[in-house]
Amino acid sequence: MLDIKAYDQLHEAVLLINAKDEIIYFNYSAPVYFQTPPRILKSGLTPEEIFVEKTTWPLDLIEEARRENEIKISAEIAFSLFKIPTQKLFFVLKIVPSADNPQELFLFFRDITVEKHLFEKYKTQMKEIEEGHAQIIQADKLATLGEMTASISHEIANPLTIASGNVEVAKGLLESCAAFEGKELLKTCIDNAFESLHGINEIILNMKSYLHKNEDKKEYVDLKILVMDVLQLLKLVLKENNIELSFDFTKDEVVAFVNPVKVRQVVLNLAKNAFDALCEKKSSHDRHLTIHLSKDENDGAIILKVMDNGSGIPEHLRSEVFRPFFTTKTIGEGTGLGLSICQKIILAHSGKITLEQQKNGTTCFQVVLPGVEVSSYTHNERYLSGLADHPGIKVLALDDEPQVLNVINHILAEEPEFVFIGSTKVEDALRIIHKFGVDVVIADLNMPQRGGFDLASEFEKVTDAPKFIFMTGGKFSEEDYEKLKLAHVRALVQKPFKAQELKDIIRKALKAKVV
Ligand SMILES: Nc1ncnc2c1ncn2[C@@H]1O[C@H](COP(=O)(O)OP(=O)(O)OP(=O)(O)O)[C@@H](O)[C@H]1O
Ligand SMILES: [Mg+2]
């Protein structure tokens with residue numbers, strides 16, 4: 001047998017244990033490897049007591065080596081030490097019965113932590129490659145689908161135009177007819193058919209743009225109107241299938257800064273899914289589709305919920321529904337792209353779409369979009385940050401009419417120096433001014449709730465305040481001129497204004513009082 005001292009030359013830890021498994025020898029590497037002082041290793045400790053986890057210690061194999069007087073090699077063993085319990089180390093144990101006394105065993109700890117970590121890294125990299133590969137296949141499928149859609153939409157365009165034309169002619173003919181029973185119903189049917197044809201066209205165009213390029217045409221939109229318009233398309237089929245539609249809308253204005261075509265597509269996809277789920281329900285009674293729209297009081301975020309009490313989504317499929325091509329519908333009925341398209345659109349709007357926990361048989365998809373001020377600010381700020389060292393003039397417009405915000409946004413977008421933020425409520429405007437700072441505020445004087453004057457009054461005693469420009473649709477009254485006396489008010493403008501006029505007024509307002 002080798003002189004035991006020779007083991008001190010080895011880099012791996014070596015222990016010699018007696019019949020009672022107590023350590024009776026250890027080489028130089030052992031205290032370092034186990035991070036345990038020699039005096040403790042010497043104190044009749046068993047190797048098992050060095051480790052935090054006792055379960056992984058191969059007691060049976062050690063017994064076997066003793067019984068059979070044979071060398072045994074364990075499988076990989078994971079362990080941690082008391083000093084650093086969070087760190088996992090790995091070794092393979094070689095058990096060699098001593099030539100002098102087979103009851104005594106040499107234990108060689110072959111450390112494989114580095115190899116193990118490399119292997120883990122390799123496994124993660126392989127997984128990433130596999131995922132990447134799956135994504136490429138997915139992208140390829142989408143591209144093929146895109147090409148198919150392009151050719152299908154081309155094929156559809158002609159019949160669609162003919163159908164729309166004929167429906168329009170029918171509508172004209174009907175209008176010139178004398179009153180008869182069912183005329184009104186027929187008129188509604190024709191209107192719906194016409195709108196649906198429009199809808200088909202829009203969806204195809206949208207599908208093409210989704211797959212090919214992602215245009216970012218955002219506008220200020222009244223979401224209540226947008227949602228109602230979309231549901232209008234489905235009204236007739238909902239009625240035919242005994243589905244009761246209800247709107248649970250907040251009293252407040254819900255204006256968003258979004259791409260209306262895309263958001264319409266989200267609402268349509270969600271409503272269509274709810275419709276399908278309700279039609280799957282055996283009973284044709286008690287079928288409810290509810291659309292909820294509200295604003296978060298704290299941050300102005302917009303919350304849209306599409307809820308139905310249809311067939312529901314089983315627990316094990318909940319995590320699958322947003323995956324592209326996941327569908328439970330029969331071939332030809334669903335592509336399984338609806339929700340993944342919705343998710344992509346909402347993410348592009350810095351929002352979130354989630355499937356809420358099923359409550360009382362209600363399936364609820366919730367969309368949260370940032371409030372109008374935040375989304376318009378981040379949209380413009382991103383654009384501005386592309387222009388090196390440009391200080392920019394931050395202009396906030398306050399008006400309850402989304403169209404007015406669109407006009408001002410459009411005018412100011414012509415000049416790179418302006419960062420435009422739209423707002424429809426004094427409270428939200430205040431929040432944005434405090435959060436991001438604003439140079440000029442163009443505010444409507446006559447709003448249903450608090451208006452421009454109330455906003456400017458909030459800054460009466462503040463020295464470093466934005467400059468205010470008031471606007472009104474009608475003529476300015478004597479009283480309005482009085483409002484110019486507020487400390488930071490610089491000008492009054494009358495709607496509609498010319499583009500150049502507005503830009504000049506804003507620039508001048510930063511310098512001096514102009515009326
Ligand atoms: N409101 C809902 N109730 C029950 N199941 C739903 C609901 N919404 C979605 N699902 C489930 O999620 C799946 C995926 O929905 P998604 O909209 O992505 O695709 P699809 O509706 O099957 O097909 P497509 O929308 O492309 O026509 C559906 O097949 C359905 O199983
Ligand atoms: Mg769908």
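Lysine 72 is buried, at 14% relative accessibility. Its salt-bridge partner is glutamate 70, and the closest N and O atoms of the pair are 3.6 Å apart. Glutamate 70 is partly exposed, with a relative accessible area of 42%. This is a predicted model.

**Salt bridges**

Side chains of opposite charge can pair when their charged atoms come close. How many salt bridges does a search of the whole structure find? The search finds 24.

| Pair | Closest N to O | Relative accessible area |
|---|---|---|
| Glutamate 70 and lysine 72 | 3.6 Å | Glutamate 70: 42%; lysine 72: 14% |
| Aspartate 428 and lysine 295 | 3.1 Å | Aspartate 428: 7%; lysine 295: 16% |

Take aspartate 428 and lysine 295. Aspartate 428 is buried. Lysine 295 counts as buried too.

Two packed helices are described by the angle between their axes and the distance between the axes. Helix α10 covers residues 402–413, and helix α14 covers residues 499–509. Their packing angle is about 75 degrees, and their axes are 10 Å apart. The two helices are therefore roughly perpendicular to each other.

**An open sheet**

Next comes a sheet of 5 strands. The sheet is open, and its strands follow the order β2-β1-β5-β4-β3. Their pairing is antiparallel. On average, neighbouring strands are turned by 25 degrees against each other, direction ignored.

Which strands stand at the edges? They are β2 (23–26) and β3 (72–79). Each has a single partner strand, so one side of each is left without a neighbour in the sheet.

Strand β3 is joined to strand β4 (residues 89–97) by 6 bridges, and the two run antiparallel. Isoleucine 73 has lysine 94 of β4 as its bridge partner.

A helix lies across part of this sheet. Helix α3 (residues 59–68) lies across β1 (13–17), β3, β4 and β5 (105–111). Relative to β3, helix α3 runs at about 160 degrees.

**A strand with two faces**

Strand β11 spans residues 352–355. Which residues form its covered face, and which its uncovered one? Ile353 and Leu355 form the covered face. Lys352 and Thr354 form the uncovered face.

Strand β11 is joined by 4 bridges to strand β12 (residues 363–369), and the two run antiparallel. Leucine 355, on the covered face of β11, stands opposite phenylalanine 365 in β12.

Technical notes:
Residues are numbered from 1 along each chain as its sequence is written. Chains are lettered from A and ligands numbered from 1 in the order in which they are written. This is a predicted model: local features need pLDDT of at least 70, side-chain atom pairs count only at pLDDT 80 or more; totals for chains, interfaces and linings use all residues. Side-chain values use heavy atoms; hydrogens and water are left out. Axes are lines fitted to C-alpha atoms, for helices over the stretch in contact, and angles run from 0 to 180 degrees between N-to-C directions. Angles under 35 degrees count as roughly parallel, over 145 as roughly antiparallel, 65 to 115 as roughly perpendicular and the rest as oblique. Two strands pair if DSSP finds at least two bridges between them. Contact means heavy atoms within 4.5 Å. Buried means under 20% relative accessible area, exposed over 50%, partly exposed in between (1.4 Å probe, protein chains only). A salt bridge is a side-chain nitrogen of Lys or Arg within 4 Å of a carboxyl oxygen of Asp or Glu.
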